[in-house]
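Subject: Structure for you to look at

Hello,

Here is the structure I said I would pass on. Please open it first, then read the notes below.

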Amino acid sequence: MSENYCGKDCAACTYKEQLGCPGCAAGPGKRFRGTCDLAKCCQEKGHRTCETCQIISHCGVYRGRERIPENRIKRREAEQARLEALAQRAPGLYKWLSILFWLVIPSALAGILTTDVLVQAIPALQLPGQILSFLCNLAYGGILLRLSREEGRYGTAGVVFIISGALSLLTDMLLGGHRGWVLVISIVTAILSMWGEYNEFMGHAGTLADADGELSEKWEKLWKWNIGITLSMLVSTILAGLAPLLMLLVLLAASIGMMVVDILKLVYLYRTAGAFRAYME
């Protein structure tokens with residue numbers, strides 16, 4: 001019986017030293033940690049070697065066994081190239097993504113300063129809050145534009161954030177007495193904000209594709225939750241004149257959902273920066 005899975009002579013393998021391979025059973029064919037497709041096939045089908053398999057005569061994997069060491073080298077080189085590329089990108093990505101994360105604090109402060117309750121109590125806080133909100137949007141958009149060197153969708157998100165921030169400031173400061181224009185600009189701003197968030201979320205997902213596939217998928221799922229909750233809020237406005245009680249329930253659920261999305265976005269942003277920090281160490 002062969003000492004390995006495919007019947008090759010390990011002693012005659014010219015790649016053995018280059019790969020540092022201790023032999024099939026202890027190396028690439030090792031159960032649960034191996035990188036040999038042929039060995040995995042034998043393990044799954046319960047064979048100790050390919051010689052006991054009934055389809056060996058027309059098995060493509062078996063016929064390509066001579067190329068397995070070469071393929072392993074190519075995979076190893078590709079992985080090394082990926083790690084080197086990530087190591088080069090990591091410092092910049094970690095820096096700018098971390099700044100995005102910390103921008104949440106002044107943005108939250110701006111939101112508090114412009115709440116109706118606080119504005120009614122201390123009207124003088126409204127203007128500073130509006131200016132701070134615009135500056136945060138400007139900074140956020142600028143950082144996304146900087147990140148567009150790594151992922152193109154960040155650029156679209158950055159432009160949209162800056163425009164929507166300017167429109168919000170215009171609505172708050174200049175058009176307070178023109179309700180029709182305020183409504184139109186508010187709708188345009190809301191649509192732009194959604195488009196900006198979509199490109200930001202997909203930008204995070206694309207940037208993470210080679211660094212953390214699981215977190216990349218979570219960004220994509222979070223966007224689906226985000227758009228679903230936004231549509232729920234739209235439905236609640238339609239229900240306002242038809243079923244007020246149902247409208248309140250839908251609006252409450254959507255508001256809670258949006259709060260959860262905002263928290264998850266913050267957590268994912270922190271983890272995204274951390275994912276690239278790991279490649280700096």
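**A buried asparagine**

Asn226 counts as buried because its relative accessibility is 2%, where buried means under 20% relative accessible area, exposed over 50% and partly exposed in between (1.4 Å probe, protein chains only). This is a predicted model, in which local features need pLDDT of at least 70 and side-chain atom pairs count only at pLDDT 80 or more, while totals for chains, interfaces and linings use all residues. Residues are numbered from 1 along each chain as its sequence is written, and side-chain values use heavy atoms, with hydrogens and water left out.

Asn226 sits in helix α10 (residues 213-239); helices (H or I, at least four residues) and strands (E, at least two) are DSSP runs, numbered from the N terminus. Leaving aside residues up to four places away in sequence, Asn226 touches Met194, Glu197, Phe201, Met258 and Val261, contact meaning heavy atoms within 4.5 Å. With the side chain of Glu197, the Asn226 side chain makes a polar contact at 2.8 Å. A polar contact is a pair of N or O atoms within 3.5 Å; within protein, one must be able to donate a hydrogen and the other to accept it, and residues adjacent in sequence count only if both atoms are side-chain atoms.

**Helix α7 and its partners**

How do α4 and α7 lie? The axes of helix α4 (residues 68-102) and helix α7 (residues 126-147) come within 10 Å and cross at roughly 160 degrees. Axes are lines fitted to C-alpha atoms, for helices over the stretch in contact, with angles from 0 to 180 degrees between N-to-C directions. The crossing angle makes α4 roughly antiparallel to α7 (under 35 degrees is roughly parallel, over 145 roughly antiparallel, 65 to 115 roughly perpendicular, the rest oblique). On the α4 side the contact is made by Leu93, Trp96, Leu97, Ile99 and Leu100, and on the α7 side by Tyr140, Ile143, Leu144, Arg146 and Leu147.

The axes of helix α5 (residues 104-113) and α7 come within 8 Å, crossing at roughly 150 degrees. α5 and α7 are therefore also roughly antiparallel. Pro106, Ser107, Leu109, Ala110 and Leu113 of α5 meet Gln126, Gly129, Leu132, Ser133 and Cys136 of α7.

**A cysteine in a loop**

Cys53 lies in the loop between α2 (37-45) and α3 (60-63). Cys53 is buried, with a relative accessible area of 17%. Between Cys53 and Asn199 there are 146 residues in sequence and 51 Å in space, C-alpha to C-alpha.

Regards
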